[in-house]
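Subject: Structure handover

Hello,

Here is the structure we talked about. Please keep it open while you read the notes below.

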Amino acid sequence: MCIWEAERTFVHDFPSVVVVGLGKKSIGVSDQENWDEGKENIRAAVSVGCRQVQDLEIPCVEVDPCGDAQAAAEGAILGLYEYDEFKKRKKPVVTPQLHGSDGKEAWQKGTIYGEGQNLARHLMEAPANYITPIKFAELVEQKLKAAHSGVKIHIRSKSWIEEQQMGAFLSVAKGSEEPPVFLEIHYSGSANTNDPPLVLVGKGVTFDSGGISLKPSSGMDAMRADMGGAATVCSAIVTAATLNLPLNIIVLAPLCENMPSGRANKPGDVVRAKNGKTIQVDNTDAEGRLLLADALCYAHNFNARAIVNAATLTGAMDIALGSAATGVFTNSSWLWTHLYEASILTGDRVWRMPLFEHYTKQVTDCPLADLSNVGKYSRAGGACTAAAFLKEFVTISHWAHLDIAGVMSNKDEVPYLRKGMAGRPTRTLVEFATRLSQDNQSA
Ligand code: BES
Ligand code: ZN
Ligand code: ZN
């Protein structure tokens with residue numbers, strides 16, 4: 001049991017009481033920090049309190065809503081989560097409940113938001129020999145079926161990908177023994193099934209060794225989370241379906257491994273994307289943009305209201321912003337405003353990055369093909385040249401690319417997440433979708 005305002009609660013009703021300080025009252029949105037500090041404080045405090053209860057091996061905890069039951073539930077659900085699937089000694093299960101009857105709906109919403117992010121954390125943290133492309137797709141299918149009866153799922157096989165002429169995606173996949181999968185999910189929450197959908201696209205590299213441009217072995221294990229884009233967009237659609245959001249959403253996730261083998265891409269190889277553009281693969285470790293090039297072309301088939309892709313795309317993104325915020329590259333200020341406002345509420349922040357022609361020139365100046373998969377000044381502005389590359393496969397006027405490499409994992413920066421894969425920015429995507437659905441209704 002936790003109490004946050006001890007004087008209001010009868011301590012003798014509960015065997016144990018945890019009291020946590022919340023900081024200043026009614027602190028609200030911080031202009032400097034670009035988030036709601038009050039909500040962040042509640043998430044952090046509740047997570048600490050719940051973990052204390054967990055350490056005491058008490059199976060149930062009542063949580064004071066602290067004036068914001070959604071943030072309190074998020075703190076509880078996110079704070080208690082730990083990936084211990086393969087350990088004999090597991091963390092005790094603690095069930096958090098709302099104390100009192102104020103904010104029942106908000107508590108429920110916060111629980112669903114938190115569980116959504118935890119699903120992404122689970123998919124990202126799981127070892128790559130368990131989460132192969134097909135296993136990823138099957139697990140997401142199982143979650144979607146449990147969430148909503150009206151969701152359509154297509155687990156497309158290699159032959160379908162070949163028919164679609166996704167030559168860039170296939171060139172990465174062919175280096176591995178694991179067959180690729182193209183996951184396609186349709187959620188029709190809008191009253192009008194023909195309403196233009198929000199299309200979410202996620203990079204799904206279930207393991208990125210770098211291929212022939214092999215990565216250093218130290219830290220390579222973290223590349224089991226290189227499907228973080230696919231994990232967050234799939235978790236977002238599961239969450240949207242659970243919440244019954246009144247909008248149409250399509251999720252597309254190209255899934256494969258990036259491995260070195262006799263069949264793998266070689267530096268200098270030229271491949272052809274679905275839209276006919278040729279790409280010189282100068283570095284086989286810049287594979288994410290090859291998958292996304294084809295997936296983005298395909299995403300244009302759905303008369304989308306907006307296309308948003310998420311990808312653990314570049315180490316350069318981590319160098320630029322670290323884990324403070326997801327980098328957003330977008331051609332649409334409308335889309336930017338919605339994402340930004342959503343992120344202020346969730347505390348899982350976004351920051352706008354440039355899509356200048358300056359960077360485009362650095363990927364189109366290529367000896368053998370229309371595009372090179374790395375910028376000609378290689379490391380300079382690496383996150384921006386990657387985004388400029390993706391832009392070459394986009395014609396829609398509302399598109400955003402989210403580079404989530406910097407927020408992929410948590411050491412101790414986000415106090416309400418334990419160390420490990422972070423599942424960010426799932427809640428921001430869900431909040432963004434909620435806002436679009438409200439826009440829908442007022443239109
Ligand atoms: N998956 C990586 C990017 C990454 C790095 C994600 C660290 C999360 C943490 C991506 O496929 C990659 O290796 N990108 C290269 C691109 C380079 C070769 C142009 C990189 O960032 O070094
Ligand atoms: Zn790579
Ligand atoms: Zn990668």
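Glu141 and Lys145 meet through their side chains in a salt bridge, 3.5 Å from N to O. A salt bridge here is a side-chain nitrogen of Lys or Arg within 4 Å of a carboxyl oxygen of Asp or Glu. The two residues are 4 apart in helix H4 (residues 133-147), so about one helical turn separates them. An α-helix has 3.6 residues a turn, so residues three or four places apart point the same way. Glu141 is partly exposed because its relative accessibility is 22%. Lys145, at 57%, counts as exposed. The cut-offs: buried is under 20% relative accessible area, exposed is over 50%, and partly exposed is in between (1.4 Å probe, protein chains only). Helices (H or I, at least four residues) and strands (E, at least two) are DSSP runs, numbered from the N terminus.

Some ground rules before the rest. This is a predicted model, where local features need pLDDT of at least 70 and side-chain atom pairs count only at pLDDT 80 or more, while totals for chains, interfaces and linings use all residues. Residues are numbered from 1 along each chain as its sequence is written, chains are lettered from A and ligands numbered from 1 in the order in which they are written, and side-chain values use heavy atoms, with hydrogens and water left out.

Other salt bridges

The structure holds 23 salt bridges. One of them joins the side chains of Arg427 and Glu74, at 3.0 Å from N to O. This pair links distant parts of the chain: Arg427 sits in helix H13 (residues 426-442) and Glu74 in helix H2 (residues 69-80), 353 residues apart. Arg427 is buried, with a relative accessibility of 2%. Glu74 is also buried, with a relative accessible area of 2%.

Arg305 and Asp439 form another salt bridge, at 3.9 Å from N to O. Arg305 lies in the loop between helix H8 (288-299) and strand S14 (306-311), and Asp439 lies in helix H13, so the pair ties together parts 134 residues apart in sequence. Asp439 is partly exposed, at 27% relative accessible area. Salt bridges with shared partners also join Glu40, Arg43, Glu74 and Arg427 into one network.

The zinc sites

Which residues coordinate the zinc ion (ligand 3)? They are Lys203 (NZ), Asp208 (OD), Asp226 (OD) and Glu287 (OE), at 2.0 to 2.4 Å. Donors are N, O and S atoms within 2.8 Å of the metal (3.2 Å for Na, K and Ca); water is not among the atoms, so sites may look incomplete. Along the chain, the spacing is K-x4-D-x17-D-x60-E. The arrangement is octahedral because the 6 donor atoms subtend angles of 76 to 175 degrees. Lys203 is buried, at 1% relative accessibility. Asp208 is buried too, at 2%.

The rules: four donors are tetrahedral if all angles lie between 85 and 135 degrees; four are square planar and six octahedral if opposite donors are over 155 degrees apart and all others between 65 and 115; anything else is irregular.

Asp208 bridges the zinc ion (ligand 2) and the zinc ion (ligand 3), which lie 3.2 Å apart. Asp208 is in strand S10 (residues 204-208), and Asp285 is in the loop between strand S13 (278-281) and H8, 77 residues apart.

Helices

The axes of helix H3 (residues 104-125) and helix H7 (residues 228-242) come within 8 Å and cross at roughly 150 degrees. That makes H3 roughly antiparallel to H7. Axes are lines fitted to C-alpha atoms, for helices over the stretch in contact, and angles run from 0 to 180 degrees between N-to-C directions. Angles under 35 degrees count as roughly parallel, over 145 as roughly antiparallel, 65 to 115 as roughly perpendicular and the rest as oblique.

Thr111 lies in helix H3 and is buried, at 13% relative accessibility. In helix H12 (residues 382-391), 9 of the 10 residues are buried, including Cys384 and Phe389.

Best wishes
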